[in-house]
Amino acid sequence: MRQRFEPAPDLNRTPIENVIIPLKSRDELPPILAGLQWIWMHPTLKAEIFAVLEEKILAGKQATGRPGMDLWQILVLGVVRLGLDANYDRLEHIANFDTLLRQILGVSDTPWGEQSVVFNHQTLRDNVALVDEALLARINAKVAAAGREVFAKKEGAPAEPLALKVDSYVLETDVHFPTDLNLLFDGGRKCLDLVEKYRDQFGYELEGWRKLEDWRRRFKGLERVASKTVFGGGKDKEKRVQKVVGEYLECARGLSAKVSESLLALCDQAVVLEQWTALSYFHEMLDKHIDLVDRRLLQGQTIEASEKVYSLFEPHTEWITKGKLHPGVELGHRLLVTTDQNQLIQDYAVMEQEVDVDQSVPVVDRMLGRYGEGAIASVSFDKGFTRKSDRELLELYVPVVVMPKRGKKNAEETERESDKKFVQLRQAHSAVESAIASLEHHGLNRCLDVGLDGYRRYVGYGVLAYNLHVIGRELLRQQRARADALARAA
């Protein structure tokens, strides 16, 4: 049984609205907690967010059973993890021993005592993952819209029209640099690991693996020799490559045949489907890369990009070349980011097998659908988004569209891009790069979660943490200004 939050906290707990956030701390945690406290105290936003969370997490659940982690605690811990770019080990530590965070969580200041709440490692993993990407996208939209009030020049004044800036960067997946030789080794290594695990842990009868450790050592040794030969130099390299790669493939084919026999043997035993599927997947990847290595290195064929896999563990990973020197290649997905004049991220999207030039119309369409016509004063892009037909379409709905042309310009285009407003917005566009750098600092430089769903969830939490950090930082600045004014008046 879950609830939104503890409805009647005891005397040992500080009410969340009364938690004192340090105004002069240079750490990253206080602004994030200030943003979370702002959600808690907002007259409507808190109820809207809880309604969204209940719709997903509590749907179809009975209001009985053991108490689960409160919805508020799930949201806070997911945001703090990304806001501090922390792993679950660090999150477990600060959730149990950081007094300020525990006050915002609505629990007692310390984890000691009979009634105290203790957050365990696996509990954190399981509960933070309950919030999916679609849910976080809805929460992010509500927070970004309400956050504009914080930056209003006068309290209660209407929000200014949006001045949007759109750009993308690559959020990497947590994978090693792939070569066909080390991917072949990954397939064989995981097959050996799983066979050993099923044999020892679950007691399945798998014959023929008495020399499993010898298989592992021999396979690894051949991979090292093959990699050193293929990527090195020296005399008669072609001849040596044919020899060592042939030996490596011979060992891999023998391993594949033994794993195939074990898969058939597991069919006759009470094996959990997930276990059999995992071994079957890595066996399939082993066979796939045996074929790719044979065709590329022994037969001299060129492998089509559509046939390649860049990680056996994160198969959704893309190989992205953006034409930059450092890094020349990035492994992950493009992340589209749209910021406003207050540096809040108003929209974001994970781009799968997509490029920048196709994104300008969809992003403006999403923003118009959210805020309505007339709410956007301007939108700026870099040259990677430029397409004349898209610019002309967007100009029907947005007063100023900054979309610099690639290549040589004619007289009309030069005049348009020399306009004072165009130049001003073009120069201000670089602010989105600052937001991207901050996002990377808040955990969105490399995704540590597994799978495409985990990747998308990681992005959602990261954007929410970033926006709450921006909002919290502004709230603390305003509080400092008021405190300084009172001190001067005294």
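I started with the aromatics, and Trp40, Phe50 and Trp72 turned up as one aromatic cluster. The rule I used pairs rings of Phe, Tyr and Trp (its six-membered ring) if their centres lie within 6.5 Å; planes under 30 degrees apart count as stacked, over 60 as edge-to-face and the rest as tilted.

Before going on, I noted that this is a predicted model, where local features need pLDDT of at least 70 and side-chain atom pairs count only at pLDDT 80 or more, while totals for chains, interfaces and linings use all residues. Residues are numbered from 1 along each chain as its sequence is written, and side-chain values use heavy atoms, with hydrogens and water left out.

**Overall look**

I get 17 helices and 7 strands for the protein chain. Helices (H or I, at least four residues) and strands (E, at least two) are DSSP runs, numbered from the N terminus. The C-alpha trace spans about 80 × 75 × 40 Å along its principal axes. Of the 490 residues, 48% are buried; buried is under 20% relative accessible area, exposed is over 50%, and partly exposed is in between (1.4 Å probe, protein chains only). I also looked at contacts (heavy atoms within 4.5 Å). Among those between residues at least 6 apart in sequence, 69% join residues at least 24 apart.

**Back to the rings**

The ring rule gives 10 aromatic pairs. One of them is Phe97 with Trp112: the centres are 6.2 Å apart and the planes sit at 50°, so I logged the pair as tilted. Phe97 is in helix α4 (residues 88–97) and Trp112 is in the loop between α5 (99–105) and α6 (121–128), so to speak 15 residues apart, and the pair links distant parts of the chain. Phe97 comes out partly exposed at 46% relative accessibility, and Trp112 is exposed at 59%.

I then checked Phe381 and Phe385, which form a tilted pair at 5.4 Å centre to centre with 40° between the planes. Phe381 is buried at 0%, and Phe385 is also buried at 0%.

**Helix packing**

Two packed helices are described by the angle between their axes and the distance between the axes. Axes are lines fitted to C-alpha atoms, for helices over the stretch in contact, and angles run from 0 to 180 degrees between N-to-C directions.

I looked up α4 against α6: about 105°, axes 9 Å apart. That makes α4 roughly perpendicular to α6 (under 35 degrees is roughly parallel, over 145 roughly antiparallel, 65 to 115 roughly perpendicular, the rest oblique). Tyr88, Asp89, Leu91 and Glu92 of α4 meet His121, Leu124, Arg125 and Val128 of α6. By class this contact has 4 nonpolar, 1 polar and 3 charged residues. Ala, Val, Leu, Ile, Met, Phe, Trp, Tyr, Cys and Pro count as nonpolar, Asp, Glu, Lys and Arg as charged, and the others, Gly among them, as polar.

Next came α2 (residues 45–57) and α7 (residues 133–147), at about 175° with axes 10 Å apart. That makes α2 roughly antiparallel to α7. The residues of this contact divide into 8 nonpolar, no polar and 5 charged.

**Thr317**

I found Thr317 in the loop between α11 (273–298) and β2 (318–320). Thr317 is buried at 4% relative accessibility. Its side chain makes a 2.9 Å polar contact with the side chain of Thr173. A polar contact is a pair of N or O atoms within 3.5 Å; within protein, one must be able to donate a hydrogen and the other to accept it, and residues adjacent in sequence count only if both atoms are side-chain atoms.
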